[in-house]
Every structure is written in structure tokens, then in C-alpha cells.
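Please keep the sequence and the model in view while reading.

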Amino acid sequence: MANTVVVTVQRKIKHPLYKKYIIRNKRYSAHDEQNSCRNGDVVEIVSTRPLSKTKRWAVTKVLKPSDTSLALDSAQKETLP
């Protein structure tokens, strides 16, 4: 899975009988050429030619980076004496 990210897309749909909103998830394997994506990033993907058995999408840009790097820095500071 080199240069691959798994993108999860969440949708809210209304149940036809009970009128309650349900969350549906769909996962896409996308190609990330620069390996710039981290866990929790919000990305934009576009359709592309088949790159492997499951990869048919490519990451174009990171819309919102995750704040995990800030959390890791604060965790390391707490462990220092």
C-alpha cells in the first residue's frame, strides 16, 4: 500500500419509514504520490484510470490538515522532566 490512502466518505440519509437520519460510510482507496496525507486530513480526490485492483482515485490536494502533529508535540513535552 505504498502511496495509497484510504478515504472515508460519510453521508447522512433519512430512513424512508422511520424518518431518522442514518450515517452511511463508503471507503475509497486513493493514490497519494507525495505521501503528504496523514490520518485525519480532509482531502479532495478525483477519478482516474485504474492504478491497481482497488485504486481508481487520486488525491489532488489536502483541504484541511489534521492537528495530530500538535497533539504529538504536546505529548512529548509532557513526558520531558
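Of the 81 residues of the chain, 17% count as buried. The model discussed here is predicted. The chain exposes about 7000 Å², and carbon and sulfur atoms supply 53% of that area.

**Overall fold**

The chain contains 1 helix and 4 strands. Along the sequence these elements follow the pattern β-β-β-β-α. Among contacts between residues at least 6 apart in sequence, 37% join residues at least 24 apart.

**The sheet**

Strands of a sheet pair through backbone hydrogen bonds, either parallel or antiparallel. In this model, 4 strands form an open sheet in the order E1-E2-E4-E3, and the pairing is mixed. Strand E1 (4–14) and E3 are the edge strands, each of which pairs on one side only. Neighbouring strands of the sheet are turned by 45° against each other on average, with direction ignored. The table lists the strand pairs.

| Strand pair | Bridges | Direction |
|---|---|---|
| E1 and E2 | 11 bridges | antiparallel |
| E2 and E4 | 3 bridges | parallel |
| E3 and E4 | 6 bridges | antiparallel |

Lys12 has Ile23 in E2 as its bridge partner. For Ala30, the bridge partner in E4 is Trp57. Trp57 in E4 also stands opposite Ser47. Strand E2 spans residues 21–31, strand E3 spans residues 42–47, and strand E4 spans residues 55–64.

**The nonpolar core**

In soluble globular proteins, nonpolar side chains tend to be buried together. Which residues make up the largest nonpolar core of this chain? It has 6 residues, namely Val5, Val7, Ala30, Cys37, Val43 and Val59. Not counting residues up to four places away in sequence, Val59 touches several members of this core, including Val5, Ala30, Cys37 and Val43. Val59 also touches His31, Asp32, Glu44 and Ile45 under that rule.

**Leu63 in strand E4**

Leu63 belongs to strand E4. Which residues does Leu63 contact, leaving aside its neighbours within four places in sequence? The contacts are with Val42, Val43 and Glu44. Leu63 and Val42 are 21 residues apart in sequence, and their C-alpha atoms are 5.4 Å apart in space.

Most residues other than glycine have a negative phi, and most peptide bonds are trans. Asn3 has a phi near 60°, a positive value in a residue other than glycine. Asn3 lies in the segment before E1. Its relative accessible area is 23%, so Asn3 is partly exposed.

Asn35 has a positive phi of about 55°, although it is not a glycine. Where is Asn35 placed? Asn35 sits in the loop between E2 and E3. Because its relative accessibility is 44%, Asn35 counts as partly exposed. The cut-offs behind this reasoning are that buried means under 20% relative accessible area and exposed means over 50%, with partly exposed in between.

Terms used. Residues numbered from 1 in each chain as written. Predicted model: local features only at pLDDT ≥ 70, side-chain atom pairs only at ≥ 80, totals over all residues. Heavy atoms only, no water. Helix = DSSP H or I, 4+ residues; strand = E, 2+ residues; numbered from the N terminus. Buried < 20%, exposed > 50% of the residue type's maximum accessible area, 1.4 Å probe, protein only. Contact = heavy atoms within 4.5 Å. Areas by Shrake-Rupley, 256 points an atom, 1.4 Å probe, with all protein chains shown as cover. Core = buried A, V, L, I, M, F, W, Y, C linked by side-chain atoms within 4.5 Å. Pairing = 2+ DSSP bridges. Axes fitted to C-alpha atoms, helices over the stretch in contact; angles between N-to-C directions.
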